[in-house]
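Dear colleague,

My notes on it follow directly after.

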Amino acid sequence: MPIEHIGLAVPDVASAKRYYDELMPMVGFQSCFGNGYCPVDWNGAQLFLYEAGESGTYSRYRTGLQHLAFLVAARAEVDAVHDWVRERGDTVLHAPRVFPQFCPDHYATYFLEPHGFKLEVVCLTPLDES
């Protein structure tokens, strides 16, 4: 059974929406239901932003969400998101490259969004098909 949706608690939904309104179209999602993002073809998990009910800083090192990965069809899409992240001045954890320890064609970039969530954009298409 696939995952239907994922919810992220953030300290300021309006601020988070401004960020995700730019990012999500680059990884195949559209805005939906006010605080969410749905795949443009409506197939796959949705992502929702919720106001955090308690203060505190997110850490990918504590028990809980470690990172979210968005699958795209072409390596150029991974590169485009990486360029966008760099232009914003956000923290890039790993520039686009192949991560053969995951699979031979795992081409990805990893970065932190403004609330500290670790995000990945990954293409699994072989280089000659991308």
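**Strand pairing and helix packing**

Residue Y107 has C123, in strand β8, as its bridge partner. Please note that the model is a predicted one.

In general, the strands of a sheet pair through backbone hydrogen bonds, in either a parallel or an antiparallel way.

Both strands are part of an open sheet of four strands, whose order is β5-β8-β7-β6. The pairing within this sheet is mixed. Strands β5 (68-72) and β6 (92-98) each have a single partner strand, so each is left with one side that has no neighbour in the sheet. From one strand to the next, the twist averages 15°.

I turn now to the helices. Two packed helices are described by the angle between their axes and by the distance between those axes. Here, helix α1 (residues 13-26) packs with helix α2 (residues 75-88) at an angle of about 160°, and their axes are 10 Å apart. An angle over 145 degrees counts as roughly antiparallel, and α1 and α2 are therefore roughly antiparallel to each other. The crossing of α1 past α2 is right-handed.

Which residues meet where α1 and α2 are in contact? From α1 they are Y19, E22, L23 and M26, and from α2 they are E77, V81, W84 and R88. Of the residues in this contact, five are nonpolar and three are charged, while none is polar.

Yours sincerely

Key
Residues are numbered from 1 along each chain as its sequence is written. This is a predicted model: local features need pLDDT of at least 70, side-chain atom pairs count only at pLDDT 80 or more; totals for chains, interfaces and linings use all residues. Side-chain values use heavy atoms; hydrogens and water are left out. Axes are lines fitted to C-alpha atoms, for helices over the stretch in contact, and angles run from 0 to 180 degrees between N-to-C directions. Helices (H or I, at least four residues) and strands (E, at least two) are DSSP runs, numbered from the N terminus. Angles under 35 degrees count as roughly parallel, over 145 as roughly antiparallel, 65 to 115 as roughly perpendicular and the rest as oblique. A crossing is left-handed if the near helix is turned anticlockwise from the far one by less than a right angle, and right-handed if clockwise. Contact means heavy atoms within 4.5 Å. Ala, Val, Leu, Ile, Met, Phe, Trp, Tyr, Cys and Pro count as nonpolar, Asp, Glu, Lys and Arg as charged, and the others, Gly among them, as polar. Two strands pair if DSSP finds at least two bridges between them.
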